[in-house]
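User: I'm new to reading protein models and would like a close look at one part of this one. Could you walk me through a helix and what it packs against, then show me how other pieces are arranged?

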Amino acid sequence: MTARQRELTPDRSARHLFGGELRRHRERAGMSLARLAEVVPSSRSHLARIEVAEYMIPPELPAHLDAAFGTDGLFGKLYALARREVHPDKYRRRMDLETRARTIACYAGQLVPGLLQTEDYARALFRVSNPKATMDEIEEKVAARMSRQAFLRATPSPHLSVILDEASLRRPVGGADVMRAQLTRLTGLVDTPDSVIQVLPYEHGEHPLMGGTLDLLRLDDGTEVAYEESIDTGQLLEDTETVIARFRAYDLLRAYALSPTQTAAFIRSVMEELTP
């Protein structure tokens, strides 16, 4: 007996609308979920849950759906709206500003910043931060974090400058294998046309940005803003004097950090020290 399809509620949110359009175009094409899963990079069960808005849309799926159904970017546009809905309201303005940024400068004290995290690294963090979360809830958060990285691959892409405290490299989040993969990703971004990563070693000692993370955004209209974050709180700073002070603190820290060449060598040395 064929299971009855759940009723859709496309008027509830952009994510629900995405699911409704997915089912509408799938049925118009005469495709079952199993058949669609053979065409796009997603399982039948995930597609079923995306249709009813129970699972966050993987960032690579919209383009494949547009290609499969010939929908001329429809699913890409819906995804651009839906991806913001999985983030708490207090982060949405920050995300909107990120997509307008021409340059992004980031200091991270304890963890690799979200824009540079691998899926497994992010998954380990979400798992430990909420031990009671289900696997699906964790996977939804991972998909949301990966979707946030999409604008870095846009054309033109923003220039990214990152200062990582040594602590963020030494702590083996997710275990040795996960951390090794994360460090490998970082080495590939240390010195590219669009990114520079530098390490601030322990030997530097105290500095004014200890205790959290800082993102500095220079937008397409020249506006500069800052975003500070601690364990579970974030604050968007737009006051001119405060933002100037944060940019100054970051510039000083960059002067004390290792060069990109030294940073690449440092990261490789940390990888070699990881226990198999």
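Predicted model: local features only at pLDDT ≥ 70, side-chain atom pairs only at ≥ 80, totals over all residues.

Is Val128 buried or exposed? Its relative accessibility is 62%, and the cut-off for exposed is over 50%, so Val128 counts as exposed.

Now for the helix itself. Helix 7 covers residues 119–129, and helix 8 covers residues 135–148. Their axes come within 9 Å and cross at roughly 135°. That angle makes helix 7 oblique to helix 8. As for handedness, helix 7 passes helix 8 in a right-handed crossing.

Which residues make the contact? From helix 7 come Glu119, Ala122, Arg123, Leu125, Phe126 and Arg127. Helix 8 brings in Ile138, Glu139, Lys141, Val142, Arg145 and Met146. Sort the residues of this contact by type and you get six nonpolar, six charged and no polar.

Helix 4 (residues 61–69) and helix 5 (residues 74–82) have axes that come within 7 Å and cross at roughly 155°. Angles over 145 degrees count as roughly antiparallel, and helix 4 and helix 5 are therefore roughly antiparallel to each other. Helix 4 passes helix 5 in a right-handed crossing. Here the contact is made by Pro62, Leu65, Asp66 and Phe69 on helix 4, with Leu74, Phe75, Gly76 and Tyr79 on helix 5. These residues divide into six nonpolar, one polar and one charged.

Seven of them form an open sheet with mixed pairing, in the order 3-4-2-1-5-6-7. Strand 3 (191–192) and strand 7 (234–237) stand at the edges, each with a single partner strand, so one side of each has no neighbour in the sheet. Strand 7 pairs with strand 6 (residues 224–229) in the antiparallel sense, over four bridges. If you want to find a bridge for yourself, look at Glu228: its bridge partner is Gln235, in strand 7.

Finally, pick out helix 11, residues 240–256. Helix 11 lies across several strands, among them strand 1 (101–108), strand 5 (213–219), strand 6 and strand 7. Against strand 6, helix 11 runs at about 75°.

Notes: Residues numbered from 1 in each chain as written. Heavy atoms only, no water. Axes fitted to C-alpha atoms, helices over the stretch in contact; angles between N-to-C directions. Helix = DSSP H or I, 4+ residues; strand = E, 2+ residues; numbered from the N terminus. Parallel < 35°, antiparallel > 145°, perpendicular 65-115°, else oblique. Left-handed = near helix turned anticlockwise from the far one by under 90°. Contact = heavy atoms within 4.5 Å. Nonpolar A, V, L, I, M, F, W, Y, C, P; charged D, E, K, R; others polar. Buried < 20%, exposed > 50% of the residue type's maximum accessible area, 1.4 Å probe, protein only. Pairing = 2+ DSSP bridges.
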